[in-house]
Amino acid sequence: MKHARVLFTGSGQLNGAELDVTVEDSFATTGQLKSKTDGQLINESDVTWLSPIKEPGTIFALGLNYADHARELAFEPPKEPLVFLKGANTLTGHKQNAYRPDNIDFQHYECELVAVIGKEGKNISREDAMDYVAGYTVCNDFAIRDYLENYYRPNLRVKSRDSLLPIGPWLIDKEDVGDITNLRVTTHVNGELTQDGSTADIIFDVPFLVEYLSKIMTLKPGDMIATGTPEGLKDMQPGDKVVCEIEKIGALETYIVSEQEFYGDKY
Amino acid sequence: MTNNPIVKGKLVCVALNDANQFEAMQAEFNEAPYKSAPTQPVLYFKTHNTWSTDGASVEWATNEGQAVDSMVVGASLAVVFGEECCRVSQDEALKYVGGYTLVHDFSLPELTYYRPDIKGKCLDGSAPIGSVVIPASDISDPQALTVTTQVNGETVHEMPVSQMVRSVAELISTISYIMTLQPGDVIAIGFPGQRAPVKQGDKVSSAIAGVIELNNVVGRA
């Protein structure tokens, strides 16, 4: 099953309510979502998509975790996972804006498979790891390369900015996906294919990462592990539409806007 | 593990903000892997699982099932946000502070600042936060405060906030341009560069004299 969260923006007493919905197979043709509360059908045109994880926990992301991407950046593949953290301020939903900071030269997308933890655990073995995963979603882990410094790299200024982790459109139960070791990972910018890889190139896979992280700390429901991105980086500009898609999971659409447009009165 | 009722969203910590440490590391900053001194505040998160409370026992860390050899602690003045803080100037920064408290950062020794230190910093229960938040209106100048830390009654740190590379107001401003801070978010503004070693069973007490204190015990493996 696909689980999503939306803000109802249509008319009536639901206006302004955050709703838990399911996304049925019929969605592709009807554009209708189904309320989990009362089964009511809701038109996509009456909602704003939110992050599908209601109470986000720790957001882990992996750097240099695809063999092809590590080559692209001229790095030796790491011997140990390069894990960094992101704040919940970075999260935004499907079909939302993400901003390009002023006066920078290079901002790129990163299409990533996200494993969402569904059960608390510590010292989880690789063999048991998938019991702790609820399902998957897609994220776009944007980076501002201009801001890289060699301190806690990739540093928070690069990786923990408002709106720069679009996620969704939905969380899909792991049982509905099955094997995740050979899924196609693509990004389209303004309709052009710019990134085309496969989760087969992942260096440290989901069971490994659950074991690795849970040896360090307790994992909790709502924690997310973004598993890194394949090669194919491209600069983003305001006006660009970016679609990150992972086979069997979903396609996440994001619109790039300027810093001024994003922050409006707070700019 | 005990959750903390004060910190609600994120706990951002500032590393390398002790001016003495920063000065002493200048030569090291110019070498690999850093290659040049940081131009921006060096920030890290203490994750949800680390949040703990005054009086709590702090778990001794393990690695591959074995108790680690050494752990360290530092204390910091903690700024608790009272309202949303997005892209604010230094001049206005302190208006967004709801109050002040203390944070202990227990961790593995800080051997390198090159990569995010997940193994060292994300240990369960390793970030106790004071049980009392002193209203911002009671602190006319946070730069005038001094944080002291004792291990088993012996003073190991005495760190005036004025000895930091960056001030409270400057850090709030800079961080607010990276990430919007929400009510209940916390920034730990800086720790002594030489963290104090602790052993199993040690009592760690930090204070801002006459204002607030934070007491923890290091647990057994």
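A disulfide is a covalent bond between the sulfur atoms of two cysteines. The structure discussed here is a predicted model, and a search through the whole of it finds zero disulfides over all chains. Two cysteines illustrate this result. C111(A) is in no disulfide, and the nearest cysteine sulfur, which belongs to C244(A), is 4.2 Å away. Because its relative accessibility is 0%, C111(A) counts as buried. In chain B, C86(B) is likewise in no disulfide, and the nearest cysteine sulfur is that of C85(B), 7.8 Å away. With a relative accessibility of 11%, C86(B) also counts as buried.

Attention can now turn to the sheets, beginning with chain A. Here five strands form an open sheet with mixed pairing, and their order is β9-β19-β18-β15-β16. The edges are taken by β9 (96-100) and β16 (192-198) of chain A; each has a single partner strand, so one side of each is left without a neighbour in the sheet. On average, neighbouring strands of this sheet are turned by 25° against each other, with direction ignored. A closer look at one edge shows how the pairing works. β9(A) runs parallel to strand β19 (residues 250-258) of chain A, and five bridges join the two. Within this pair, A98(A) stands opposite I256(A) of β19(A).

Five strands of chain B form an open sheet, in the order β4-β16-β15-β11-β12, and the pairing is mixed. At its edges stand β4 (57-58) and β12 (154-160) of chain B, each with a single partner strand, so one side of each is left without a neighbour in the sheet. Further in, strand β11 (residues 146-151) and strand β15 (residues 203-208) of chain B pair in the antiparallel sense over five bridges. T148(B) has A207(B) in β15(B) as its bridge partner.

Another strand of chain B, β7 (residues 71-81), is mostly covered, for eleven of its eleven residues are buried. Ten bridges join β7(B) to strand β8 (residues 97-107) of chain B in an antiparallel arrangement, and in β8(B) the bridge partner of V73(B) is F106(B). β7(B) also pairs in the antiparallel sense with strand β14 (residues 196-198) of chain B, over three bridges; here V73(B) stands opposite A196(B). Three bridges join β7(B) to strand β13 (residues 186-188) of chain B, again antiparallel, with A78(B) opposite A188(B).

The largest nonpolar core holds 99 residues, of which Y136(A), V210(A), I249(A), L77(B), I172(B), I187(B) and I189(B) touch the most other members. At least three residues of this core come from each of domain 1 (2-49) and domain 2 (59-266) of chain A. Apart from it lies another core, of 24 residues, which includes V7(B), L11(B), M25(B) and W51(B). Returning to I249(A), and leaving aside its neighbours within four places in sequence, this residue is in contact with L113(A), Y136(A), T137(A), V138(A), W170(A), I172(A), V177(A) and L183(A).

Helix α4 (residues 206-216) of chain A has eight of its eleven residues buried, so it is largely enclosed by the rest of the structure. The buried residues of α4(A) are V206(A), P207(A), L209(A), V210(A), Y212(A), L213(A), S214(A) and I216(A). They pack against β6 (59-63), β7 (82-86), β11 (111-117), β12 (133-140) and β17 (224-226) of chain A, together with α4 (118-121) of chain B.

Finally, V21(A) can be found in strand β2 (residues 18-22) of chain A. Its relative accessible area is 0%, so V21(A) is buried. Beyond neighbours within four places in sequence, V21(A) is in contact with K2(A), H3(A), A4(A), V6(A), L33(A), K34(A), S35(A), K36(A) and I42(A). V21(A) and D176(A) are 155 residues apart in sequence, and from C-alpha to C-alpha they are 17 Å apart in space.

Definitions and conventions: Residues numbered from 1 in each chain as written. Chains lettered and ligands numbered in written order. Predicted model: local features only at pLDDT ≥ 70, side-chain atom pairs only at ≥ 80, totals over all residues. Heavy atoms only, no water. Disulfide = S-S within 2.5 Å. Buried < 20%, exposed > 50% of the residue type's maximum accessible area, 1.4 Å probe, protein only. Pairing = 2+ DSSP bridges. Helix = DSSP H or I, 4+ residues; strand = E, 2+ residues; numbered from the N terminus. Axes fitted to C-alpha atoms, helices over the stretch in contact; angles between N-to-C directions. Core = buried A, V, L, I, M, F, W, Y, C linked by side-chain atoms within 4.5 Å. Domains from an automatic or database assignment. Contact = heavy atoms within 4.5 Å.
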